[in-house]
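Please keep the sequence and the coordinates at hand while reading.

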Amino acid sequence: MYDVVAIGELLVDFACRSTDDDGYPVLAAHPGGAPANFLAVLARYGLKTALLAKVGNDAFGRLLRRTVEREGIDTAGIVVDDAAFTTLAFVTLDENGERDFSFARKPGADMLLRYDELDLSLIDRTRVFHFGSVSMTDEPSRDATRRAAAYARSRGGLLTYDPNLRIPLWKDLAQARQEMLWGLSMADVVKLSDEEAAFLWELPPRESAEKLLRDYPAALVFVTCGADGCYYAGRQGAGHVPCPPVHPVDTTGAGDIFMGSAVAQLLRTGRRPEELDAAELRHIAAAA
């Protein structure tokens with residue numbers, strides 16, 4: 001039995017560490033992809049996890065598989081494609097540590113994951129199924145993600161969702177909004193940023209969380225606001241928790257760590273999201 005199974009991108013992030021005399025970034029390679037980051041957090045909390053993903057049969061793909069396995073994430077659902085290259089993301093930073101993304105993904109292996117390649121037995125044996133929107137930018141991974149989420153819901157599992165908007169990956173922002181809203185229509189637990197809430201509804205965090213609880217299946221919502229902390233809401237309470245004072249160096253993966261920590265705390269309660277009382281909701285948000 002698994003605690004959490006996730007579907008989505010597994011890739012290499014090249015993060016800027018400095019610039020040379022001509023202004024070109026000096027980059028360091030790191031394992032990445034929001035679902036994989038999310039599962040790595042859960043694995044470090046001692047939970048049993050598995051990933052449904054696709055990488056290329058290349059040096060980076062082999063390195064990523066070894067890294068995922070070393071993190072304690074089951075790799076049985078990772079497909080290796082001989083014809084596609086592992087997806088690469090290039091992350092440059094401004095003076096506040098905020099990111100600008102460029103992707104080598106035309107196509108990348110993560111986009112080519114097909115539904116018939118998924119090991120559905122992993123979904124059959126999990127308490128929670130997690131997905132995001134990056135795997136919904138293109139076919140066939142969009143179809144695979146949609147059908148996997150629908151399958152998980154039909155099995156009675158808890159669904160968690162992180163829209164994780166990456167504008168450069170979408171050919172059409174109207175379609176991005178449509179796919180993100182579809183994901184929200186499937187999820188019991190949602191984490192989105194204030195920027196994603198504004199993109200979807202042009203609403204501030206509190207009103208966005210209220211809309212999700214009112215108009216969507218979600219019973220537990222987090223809207224992260226960077227340095228301003230997080231607004232959280234559930235069926236039995238809502239509120240705001242501040243962000244501890246930090247000097248941001250690189251915010252890549254911060255939302256994934258938040259979501260993984262929140263889901264770990266939720267699972268520790270042994271309760272459904274709609275059953276959480278006000279004190280439990282605040283504890284989960286503060287811990288995340």
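N164 is buried, its relative accessibility being 11%, where buried means under 20% relative accessible area, exposed over 50% and partly exposed in between, computed with a 1.4 Å probe on protein chains only. The model is a predicted one, in which local features need pLDDT of at least 70 and side-chain atom pairs count only at pLDDT 80 or more, while totals for chains, interfaces and linings use all residues. Residues are numbered from 1 along each chain as its sequence is written, and side-chain values use heavy atoms, with hydrogens and water left out.

**Backbone geometry**

Although N164 is not a glycine, its phi is positive, at about 45°, and the residue lies in the loop between β10 (158-162) and α5 (173-184). Helices (H or I, at least four residues) and strands (E, at least two) are DSSP runs, numbered from the N terminus. E202 likewise has a positive phi without being a glycine, here about 55°, and is placed in the loop between α6 (194-201) and α7. With a relative accessible area of 72%, E202 is exposed, whereas N164 is buried. As background, most residues other than glycine have a negative phi, and most peptide bonds are trans.

The bond from K106 to P107 is cis, with omega near -5°, and P107 sits in the loop between β8 and α3. The bond joining E139 and P140 is also cis, with omega about 5°, and P140 belongs to the loop between β9 (126-132) and α4 (141-154).

L112 provides a link between these two regions. It is located in the loop between β8 (99-104) and α3 (120-124), and its relative accessibility of 24% makes it partly exposed. Setting aside neighbours within four places in sequence, L112 is in contact with K54, D81, A84, P107, E117 and P140, contact meaning heavy atoms within 4.5 Å. The C-alpha atoms of L112 and E139 are separated by 7.0 Å, although the two residues are 27 residues apart along the chain.

**Accessibility of selected residues**

The following table collects residues that are discussed in this report.

| Residue | Relative accessibility | Class |
|---|---|---|
| A15 | 6% | buried |
| C225 | 11% | buried |
| K211 | 18% | buried |
| C243 | 32% | partly exposed |

A15 lies in strand β2 (residues 11-19) and, not counting residues up to four places away in sequence, touches V26, L27, A28, H30, V91 and D250.

**Nonpolar cores**

A nonpolar core is a set of buried Ala, Val, Leu, Ile, Met, Phe, Trp, Tyr and Cys residues joined through side-chain atoms within 4.5 Å. The largest such core has 44 residues, and those with the most contacts inside it are F129, F131, L184 and L192. Beyond its neighbours within four places in sequence, F131 is in contact with I7, M136, T145, A149, L159, T160, Y161, D162, W182, G183 and M186. A second, separate core of 39 residues includes L10, A43, L51 and L220. In soluble globular proteins, nonpolar side chains tend to be buried together.

**Cysteines**

How many disulfides does the structure hold? There are zero, a disulfide being a pair of cysteine sulfur atoms within 2.5 Å. The sulfur of C225 lies 6.7 Å from the closest cysteine sulfur, in C230, which is too far for a bond. For C243 the closest cysteine sulfur is also in C230, at 10 Å, and this too is too far for a bond.

**Packing of α8 against α9**

The axes of helix α8 (residues 254-269) and helix α9 (residues 278-287) come within 8 Å and cross at roughly 145°; axes are lines fitted to C-alpha atoms, for helices over the stretch in contact, and angles run from 0 to 180 degrees between N-to-C directions. The contact is made by F258, A262, Q265, L266 and T269 of α8 together with H283, I284, A285 and A287 of α9. These contact residues divide into six nonpolar, three polar and no charged, where Ala, Val, Leu, Ile, Met, Phe, Trp, Tyr, Cys and Pro count as nonpolar, Asp, Glu, Lys and Arg as charged, and the others, Gly among them, as polar.
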